[in-house]
Amino acid sequence: MGAQQVADRFTELYGTQPEGVWAAPGRVNLIGEHTDYNDGFVMPFALPHRTVAAVSRRDDGILRLHSADVAGGVVELRLDGLAPQSDRTWAAYPAGVAWALREAGHAVTGADVHLSSTVPTGAGLSSSAALEVVIALALNDLYDLGLQRWRLARLCQRAENVYVGAPTGIMDQTASSCCEQGQALFLDTRDLSQRQIPFDLAAEGLRLLVVDTQVKHAHSGGEYGKRRAGCEKGAALLGVDALRDIPYAELDAALARLGDEEEIVRLVRHVVTEDHRVERVVDLLHRGETRAIGPVLTEGHTSLRDDFRISCPELDLVVDTALAAGALGARMTGGGFGGSAIVLTESAEVDTLTKATEKAFAAAGFTTPRVFEAVPSPGAHRAL
Ligand code: GLA
């Protein structure tokens, strides 16, 4: 769906042309899962799938929202009536961003918005972050707020944590806001310092496939929050601010100190080894050893499945099938409990792998997965 089409639909709905059109992408995470709320490292890149918003300012304190992807008409809200966790619908995400901006003291006095998205929802590909970031960027530009990209990401995270009520980290919003075409984003979630890492798989005869299992997940449910609370307990028991502060070389000693806290031991082991895997991947890419990241991705899956315990049969089946069919590496990506897996493969093997996965899903009686190639695409930007 193009920016002009979204602008035209805005005009049909609201009777005037929008002041502008903005776009923000979904993301896939290459490595670094459940490390962001532990102040650790992540390495996402932006997908070509994106949320597009046509927006105009209003000066009467009203926010009007419409989405091409949701049944129902225009949602009308009063900005001064917005209250955290009062709305369980999709409108809570854009409304939450307006709320977070105003709460931070930014003079946002209203907006008319029409949205349309190609980011699959509930697929672990950050449809929520795309929706938040596109609104934040549009309001930042229209109201001339002058906020930097990382700051917009922080405000979007606050909208999601406080207004929507999902206790997520900072990765997805930063990915949507800060990623660049052709690059993966190596992000330190403690201070949001970042490095763009060139990631052109096709040039090396490789592909990264995303396999959306179609198993829907939601992070406002309890399991994500339980993992997060367990990590925080682990950090407290070990006397550090965050698990990021446990050096990989000291992991065994730290685990020994946790004694018989079996569940906390597993969570801590995942987080500390996962941070180390991100650093290994960055290092391998730097040395041009792209194929060698495959086994590191697969180790990440094993850790998420066995230690963090957030995989599911469909995700495990993607990984097992891909590896048996010759993939270089595979793992679940995103928050877990459903959603998508990624598969690193030689370009020539894409069809074989796709067919093997579809066949395995049919044999297991699972819904046919959606398979597509992920190419690092532009981050959020003004489209018209
Ligand atoms: C979800 C959250 C992120 C991150 C991932 C797991 O996508 O929104 O903040 O915690 O799960 O890595």
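**Figure 1. Antiparallel pairing of strand 9 and strand 11 in the predicted model.** Seven bridges join strand 9 (residues 206-212) to strand 11 in the antiparallel sense. Val 211 has Ala 341 of strand 11 as its bridge partner. Strand 11 spans residues 340-346, and six of its seven residues are buried, so this strand is largely enclosed by the rest of the structure.

**Figure 2. The hairpin formed by strand 10 and strand 11.** Strand 10 (residues 329-333) pairs with strand 11 in the antiparallel sense, over five bridges. Within this pairing, Val 343 in strand 11 stands opposite Ala 330. Six residues lie between the two strands of the hairpin. In the turn, Gly 334 has a positive phi of about 90°.

Figure 3. The side chain of Thr 333 reaches the backbone oxygen of Asn 29 at 2.8 Å. Leaving aside residues up to four places away in sequence, Thr 333 touches Val 28, Asn 29, Glu 33, Gly 124, Ser 340, Ala 341 and Ile 342. One of these contacts, Ala 341, is also the strand 11 bridge partner of Val 211.

**Figure 4. The largest cavity and its lining.** The count of cavities of 30 Å³ or more comes to one. The largest cavity holds about 30 Å³ of space. Its lining consists of Leu 209, Val 211, Ala 322, Val 343, Leu 353, Thr 354, Thr 357 and Val 371. Two elements, strand 9 and helix 11 (350-364), each give two or more residues to this lining. Helix 11 provides the largest share, three residues. By class, six of the lining residues are nonpolar and two are polar, with no charged residues. Val 343, which stands opposite Ala 330 in the pairing of Figure 2, is among the residues that line this cavity.

**Figure 5. The largest pocket and the elements around it.** The volume of the largest pocket is about 910 Å³. The lining comprises 44 residues, and those nearest the centre of the pocket are Tyr 93, Thr 121, Gly 122, Ser 127 and Ser 128. Helix 2 (92-103), strand 6 (111-117), helix 3 (127-142), helix 4 (149-164) and helix 5 (171-178) are the elements that give two or more residues to the lining. The largest share, four residues, comes from helix 3. By class, this lining has 19 polar, 16 nonpolar and nine charged residues.

Terms used. Residues are numbered from 1 along each chain as its sequence is written. This is a predicted model: local features need pLDDT of at least 70, side-chain atom pairs count only at pLDDT 80 or more; totals for chains, interfaces and linings use all residues. Side-chain values use heavy atoms; hydrogens and water are left out. On a 1 Å grid over the protein atoms alone, a cavity is a set of points where a 1.4 Å probe fits but cannot get out, and a pocket is an open set with protein on both sides within 12 Å along at least five of seven lines; lining residues have an atom within 4 Å of a point. Grid points are joined across faces, edges and corners, and a volume is the space filled by probe spheres set on the points. Ala, Val, Leu, Ile, Met, Phe, Trp, Tyr, Cys and Pro count as nonpolar, Asp, Glu, Lys and Arg as charged, and the others, Gly among them, as polar. Buried means under 20% relative accessible area, exposed over 50%, partly exposed in between (1.4 Å probe, protein chains only). Two strands pair if DSSP finds at least two bridges between them. A polar contact is a pair of N or O atoms within 3.5 Å; within protein, one must be able to donate a hydrogen and the other to accept it, and residues adjacent in sequence count only if both atoms are side-chain atoms. Contact means heavy atoms within 4.5 Å.
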